[in-house]
4 protein chains.
Amino acid sequence: MDFASDNMAGAAPEILEAIGVAAQARASAYAADDWTRRAEAGLSEVFERPVAAFLVATGTGANALALGAVTPPWGAVFCHEEAHVIDDECGAPEMFAGGAKLVGVPGYGAKLTPASVAETLERFPFGSIKTVQPAALSISQANEAGLVYSPEEVAELGALAHANGMALHMDGARFANALAACGATPAAMTWRSGVDVLSFGATKNGAVACEAVVFFDPARAKAFGHQRKRGGHLLSKGKFLGAQMDAYLQDGLWLRLAARANASAAKLAAGLIATPGFRLAFPCEANEVFAIGPSARFAALREAGARFYDWTTRALAADGAPNRRETLVRLVCSFDTREEEIAKFLSLAAGGAR
Amino acid sequence: MDFASDNMAGAAPEILEAIGVAAQARASAYAADDWTRRAEAGLSEVFERPVAAFLVATGTGANALALGAVTPPWGAVFCHEEAHVIDDECGAPEMFAGGAKLVGVPGYGAKLTPASVAETLERFPFGSIKTVQPAALSISQANEAGLVYSPEEVAELGALAHANGMALHMDGARFANALAACGATPAAMTWRSGVDVLSFGATKNGAVACEAVVFFDPARAKAFGHQRKRGGHLLSKGKFLGAQMDAYLQDGLWLRLAARANASAAKLAAGLIATPGFRLAFPCEANEVFAIGPSARFAALREAGARFYDWTTRALAADGAPNRRETLVRLVCSFDTREEEIAKFLSLAAGGAR
Amino acid sequence: MDFASDNMAGAAPEILEAIGVAAQARASAYAADDWTRRAEAGLSEVFERPVAAFLVATGTGANALALGAVTPPWGAVFCHEEAHVIDDECGAPEMFAGGAKLVGVPGYGAKLTPASVAETLERFPFGSIKTVQPAALSISQANEAGLVYSPEEVAELGALAHANGMALHMDGARFANALAACGATPAAMTWRSGVDVLSFGATKNGAVACEAVVFFDPARAKAFGHQRKRGGHLLSKGKFLGAQMDAYLQDGLWLRLAARANASAAKLAAGLIATPGFRLAFPCEANEVFAIGPSARFAALREAGARFYDWTTRALAADGAPNRRETLVRLVCSFDTREEEIAKFLSLAAGGAR
Amino acid sequence: MDFASDNMAGAAPEILEAIGVAAQARASAYAADDWTRRAEAGLSEVFERPVAAFLVATGTGANALALGAVTPPWGAVFCHEEAHVIDDECGAPEMFAGGAKLVGVPGYGAKLTPASVAETLERFPFGSIKTVQPAALSISQANEAGLVYSPEEVAELGALAHANGMALHMDGARFANALAACGATPAAMTWRSGVDVLSFGATKNGAVACEAVVFFDPARAKAFGHQRKRGGHLLSKGKFLGAQMDAYLQDGLWLRLAARANASAAKLAAGLIATPGFRLAFPCEANEVFAIGPSARFAALREAGARFYDWTTRALAADGAPNRRETLVRLVCSFDTREEEIAKFLSLAAGGAR
């Protein structure tokens, strides 16, 4: 019963196999190999346009490099006040953007809205030398409350961003889960809705360690090769990233893995909703379940071996906070979550014997 | 006939297998897993003292983080003027050290000597506010000319560094090759000779992507967890680094792989020395051969499919430069260099038919 | 009728004269001159202990250097969400602290309280590698709402800061006004209450361009000479800063100038309170008056030549916001505000003819 | 007999007077005042084209901001290996350029030549991701050996810079001395010869503390207001910089002051050349004299009260080094050097009684 994080999952067999094949071969170093070239071509195909894509080994690296590429040191990045980039990356975006400022915007469900962003923007008058200047808007897809922006919502934020001279960045650590959830095409979810640069995650969804920074306008990526190298994020044996991404994109593996994780989460969420005493803090839209339930029951689950995290968030609905006998927890499903884990968890949540 | 770089090699089967095992398991994220713990313990054992070790995926990341940890923004790092850290990392050490200065020191064979370092130090008077302050000395082992510092040489530089308030960093991207070459113990080559922080490489020597930053005084690493995370170099599925390093250290695999690469290089070097028209630019001490020979012969080798790089260096002996019909090339052997590659190369070098 | 800013004032004759005297003399460059030495000694005397003091030409420079000296790149600086350091310095503290994070804390009257700081601190768990680590607490004295922290309030914040491993910084751009207002000694207001580093302002209070960064524990300032030089903030003809600060401290000039500005503000505030239709947004405690009044009346004042800024703040009391016919304005008095400016302003505010 | 530095001089009466006038007036803060506007207009007039000019208080600030404005973090700035920007600014340019690399180029008389720059550039192949990319060329005028680049020499370097995608920066801390020495127009010496950005110094030449960063293509300065503010280099009472620069440019004061300093240096140089035992290390072209003479004689001069620095340089002609009984010293004249100082120095140098 392991629902602590999709970072604790293993790796998909198809991806492991690709690593094994690459391990038998000699290949040019520093991302000049055929696997990387195939991965890049695969991303252009997936997004239905020529993109500039750069593989790295970590999500924090991808986000920090992406934001650093579109934000000058005197710039501001706007994001939800509980976004991963502002809260969980130990200041990496600030480092890669040369000391820029990340500005948190409040809002239900870890979601930005045009109104909340516009209100925050008012504190950063254009051209004022006293104030850092708006440079980027960053949204997480799926986000930190497990919610998914629709392409229409993304497009509204994209329009606002561009009207204010900002780039739109999407932290897609769970991009596949978001797409699998809402059925939009990769293109509709990104550049057709104004996304300028995407952190395209694979690690949480079955890879060993692989993310892509995707620029939809390759001209914006002119210096990115240097930025990646300078950040220490260019792998010498780059083929091992290329092989992972190439396998991940083959025949829709990425969407299949995500759909599997989402289905597990949906089952878990439905089961909890049907269990007296439990309710959801946010709708379950992708592969994460934010559940509120009796603290004692969660304690019993932990004793029975279940792994998950207590959660704190300011992004609840006004009347949605747990009462003092309740706890809010986060339950994450991954591509390798097993049916019996869910069944056992639900049975125990319902008060069943172990 | 692939002698272009040990970065173009594959991966050792033992390491691949360890990745495969880790892929079947759930494990705590962010380096809190058992594989990582075993790797850390393994490094402490190898170095015969408790070390603070941090795994990362790239050598540039390891070097930049290590130098950043011991160098303030107003500090200077002294290294050979052709060191990897000053020439080939696109300013990563400068970035991670907040804009510190890397200062190149000239010298034969890419080697620092106490005299050359001392002479350079004179330009950086202690306490002068106009001048960045000496903070670190960095040496490569094996170095950029394929040479190996003896423990005695390291100790002399360590004493000089410490006498001037500098930390001694060793860029050990080819540390295993250096050790296998000279037979010193890891402890003798490092902390017993004054090394404070080591970039312990595995990638070039059979890993997929794995390096360790090793602090011999764990107190010096207090903030390093934050520095690594902030640099985007903490892998979420950290077990995959742990598994590589753990396998690498098991039963001396790392030294066996390095010995194999060194033996290949020795054979290649000996063969070239015995071939009329060829000579070595530097003695072959580890897994790299710097050879000078007829340009036409190298061209023919390339046409026959051999891969290697022409080389430029200011670190030759006074009378060692190629004449105008000659070319200096670098030939690198790795753990998976095959006997027949060497034999064919030597045969062609000697003017034999393909 | 110039109430726009104390930055728009002239300079005190005593300070100008000191500059004139220094201009006749040759003196060692880079702050090694006798004027600077006297200024440093004067600050030690004023604060009743040996301090390490460094003169610079700007308040933003002083704040950014001071915060940079006590905050690592992976650190967080806590301050009021409308503090000058977070809102009005275009990211200078972030730059000088290598990309650290400034975290805004809400609260009435631009004031931090132990409770509001403690609540914010909970989001930054000690030791978590995902989170930047608390490094400094910064308070403005007098603050952005014109309010003054009492020594007791400072001491409470100092205790909280130190208990959480943070340094306490005081942005004293209007330090003299704060002291003149509450009568505390410089020592009681700073190090006796836990202040570690102070930006000691003179510019707004009669100097041409002069601020001091004061470390109450000189050991903390060991690298500061390099940090100042590296920031470009060491004046070559340092005597001209020394001369200003020396004159500023002579015979209590600094407190006399501040008392004059405060008295003007008090008179202006009292007059407005007595004028039907006007009220204060915050008590007038130093040299700034935040007044709410009929928008039409302020428009008329402007037409009559009065200079002042409309103000926006989230730090009002719950019931304190202007209604839709009112405007909130900031009126600043300086050492050279003239009686007749105040009288004329009040007369016009009361609806009198110009 | 004060020849230690032009930084030890006083200030010109005309400039002091302007400060005094500004001190009587209220003026908009942050460089939005009339004095600053006049100074900016004055610079456009002097350079015969509309320039974007920004006043700051220090030369290091001016250089660091200027180089930071034209150099990305992954860029390289080429300069003479003994340039002030690389040797004497404690890494300020690196800080303001986000960790860029300064690369020293050797050469006689602290001068860059197209050949020496081109040779160094070869080590930084265009487009290589391993290597920082050439971004700026920086020359000092007059330079660190007291020599002056002719407009033709500047133009050659400008052409080389532009052909390699680099901006040309001129460190004009002694720009007035250089112009006064060679008679070229400010325009010919700068933008007409390819200079993109100039640090235009006034401090060493009679100001209290004032330098301008001058962009000849104002479009290049779009973000510079933010960069200056963020660096803490925007003075709140900006009128005091404006007043200095305005007075400095009035009626050619700046060139008259420089001509006076140059004439003093010429007299001193001529006198030393005529004194047996002395010779010049470099021709005296501006206001600095680099003299080699008997160590005992220099010691006697110091005992008699003369102030000057012993000098070390690698930029001597091959046969120009002092022998073991000789010392190389630097003697700097300023606008307020007095006839009798020179006369006394020469008399003592010649062995005369004090």
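**View 1. Pairing of strands β10 and β11 in chain D.** Strand β11 (residues 326–332) of chain D and β10(D) pair in the antiparallel sense over two bridges; strands are DSSP runs (E, at least two residues) and helices likewise (H or I, at least four), numbered from the N terminus, and two strands pair if DSSP finds at least two bridges between them. Val329(D), in β11(D), is the bridge partner of Asp310(D). The model is predicted: local features need pLDDT of at least 70, side-chain atom pairs count only at pLDDT 80 or more, and totals for chains, interfaces and linings use all residues. Residues are numbered from 1 along each chain as its sequence is written, while chains are lettered from A and ligands numbered from 1 in the order in which they are written.

**View 2. The open sheet of chain D.** Four strands of chain D, in the order β8-β9-β11-β10, form an open sheet with antiparallel pairing. At its edges stand β8 (279–280) and β10 (309–310) of chain D, each with a single partner strand, so one side of each is left without a neighbour in the sheet. Helix α12 (residues 253–273) of chain D packs on the sheet and touches β8, β9 (288–294) and β11 of chain D; contact requires C-beta atoms, placed from the backbone, within 7 Å.

**View 3. The contact between chains A and B.** Chain A and chain B contribute 41 residues each. On the side of chain A that touches chain B, α1 (13–23), α3 (59–70), α5 (92–96) and α10 (224–230) of chain A each supply at least two residues.

**View 4. The contact between chains C and B.** This contact takes 14 residues from chain C and 14 from chain B. Helix α10 (residues 224–230) of chain C gives the most to the side of chain C that touches chain B, namely five residues.

Notes: Contact = placed C-beta atoms within 7 Å. Axes fitted to C-alpha atoms, helices over the stretch in contact; angles between N-to-C directions.
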